[in-house]
Amino acid sequence: MAKKNAKNKGAQPATIARNKRATFEFRFDEKIEAGLSLLGWEVKSIRAGKINLTESFVQMKNGEAYLHNCTITPLNTASTHVICDPTRPRKLLLNRRELDRLAGQVERQGYAIVPISMYWRKGAWVKVEIGLGKGKKAHDKREDIKQRDWAIEKARMMKK
């Protein structure tokens, strides 16, 4: 049995879930990595892959950032004495400077904060990549679809 290479262990974060709809609906000006405050049963469910980020959003309340509508389905083997709420608001762990900057952008300039992806950092920490951006208009979305179709067609032509 071969030994694992210790140098490559922390290099690539393992992706848990991606919010593909967010990249289609929003144009992100800035991306930030944030920690996530979770309970034990939630970490176990995330390890099992029972998470959905599609309808989730970040809301600022009382100077803190909270992740809303992120569904973490409890496992069947969850403890009986713990009440599992799959869509509870989860606190994002950010620096005060980052929180103040995000709050200012949202209030003054009309930006939205949306989770883009969730991944493991250093093997044990769950991190969320949040994006600060504005919603795309219909013509922007059509342009993205054209670009994607052209890239597929170009790859087909190069393959032949």
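The dialogue below moves from the whole chain to single residues.

Mentor: This is a predicted model, in which local features need pLDDT of at least 70 and side-chain atom pairs count only at pLDDT 80 or more, while totals for chains, interfaces and linings use all residues. Residues are numbered from 1 along each chain as its sequence is written, and side-chain values use heavy atoms, with hydrogens and water left out.

Trainee: How many helices and strands does the protein chain have?

Mentor: Helices (H or I, at least four residues) and strands (E, at least two) are DSSP runs, numbered from the N terminus. Here the protein chain has 4 helices and 9 strands. Their pattern along the sequence is β-α-β-α-β-β-β-β-β-α-β-β-α. The C-alpha atoms fill a box of roughly 55 × 55 × 35 Å, taken along the principal axes.

Trainee: In what order do the strands of the open sheet stand?

Mentor: Two strands pair if DSSP finds at least two bridges between them. In this model, 7 strands form an open sheet with antiparallel pairing, in the order β1-β8-β9-β2-β7-β5-β4. Its edge strands, β1 (14-18) and β4 (57-61), each pair on one side only. From one strand to the next the twist averages 40°; for such angles, axes are lines fitted to C-alpha atoms, for helices over the stretch in contact, and the angles run from 0 to 180 degrees between N-to-C directions.

Trainee: How many bridges join β2 to β9?

Mentor: There are 9 bridges between β2 and β9, which run antiparallel. Lys31 stands opposite Gly131 in β9. Strand β2 (residues 26-36) also pairs with β7 in the antiparallel sense, over 2 bridges, and Gly35 stands opposite Leu93 in β7. The antiparallel pair β8 and β9 has 9 bridges, with Arg121 opposite Trp125 in β9. The hairpin of β8 and β9 has 3 residues between the strands, and Lys122 takes a positive phi near 55° there.

Trainee: Which strands does helix α3 lie across?

Mentor: Contact means heavy atoms within 4.5 Å. Helix α3 (residues 96-109) lies across β2, β4, β5 (64-68), β8 (112-121) and β9 (125-135), and runs at about 25° to β9.

Trainee: Which residues of helix α2 are buried?

Mentor: An α-helix has 3.6 residues a turn, so residues three or four places apart point the same way. Buried means under 20% relative accessible area, exposed over 50%, and partly exposed in between (1.4 Å probe, protein chains only). In α2 (residues 40-47) the buried residues are Trp41, Glu42, Ser45 and Ile46. They lie on the same side of α2 because they cover an arc of only 140° around the axis, the arc being that of the directions from the helix axis to the C-beta atoms. Gly40, Lys44 and Arg47 are the exposed residues on the face turned away from the buried side. Among the elements that cover the buried residues of α2 are β1, β3 (51-52), β6 (71-72), β7 and β8. After α2 comes Gly49, whose phi is positive, near 85°.

Trainee: Is Arg90 buried or exposed?

Mentor: Arg90, which lies in strand β7 (residues 90-93), counts as buried because its relative accessibility is 0%. A polar contact is a pair of N or O atoms within 3.5 Å; within protein, one must be able to donate a hydrogen and the other to accept it, and residues adjacent in sequence count only if both atoms are side-chain atoms. The side chain of Arg90 reaches the backbone oxygen of Cys70 at 2.8 Å, and a polar atom of that side chain lies 3.1 Å from the backbone oxygen of Pro86. Not counting residues up to four places away in sequence, Arg90 touches residues including Leu36, Glu42, Tyr66 and Asp85.

Trainee: How many disulfides does a search of the whole structure find?

Mentor: A disulfide is a pair of cysteine sulfur atoms within 2.5 Å. The search finds 0 disulfides. Cys70 is in none, and its nearest cysteine sulfur, that of Cys84, is 15 Å away. Cys70 is buried, because its relative accessible area is 0%, whereas Cys84 is partly exposed, with a relative accessible area of 24%.

Trainee: Which residues does Val126 touch?

Mentor: Val126 lies in strand β9 and counts as buried at 7% relative accessibility. Not counting residues up to four places away in sequence, Val126 touches Ile16, Ala34, Gly35, Leu36, Leu38, Met118, Tyr119 and Trp120.
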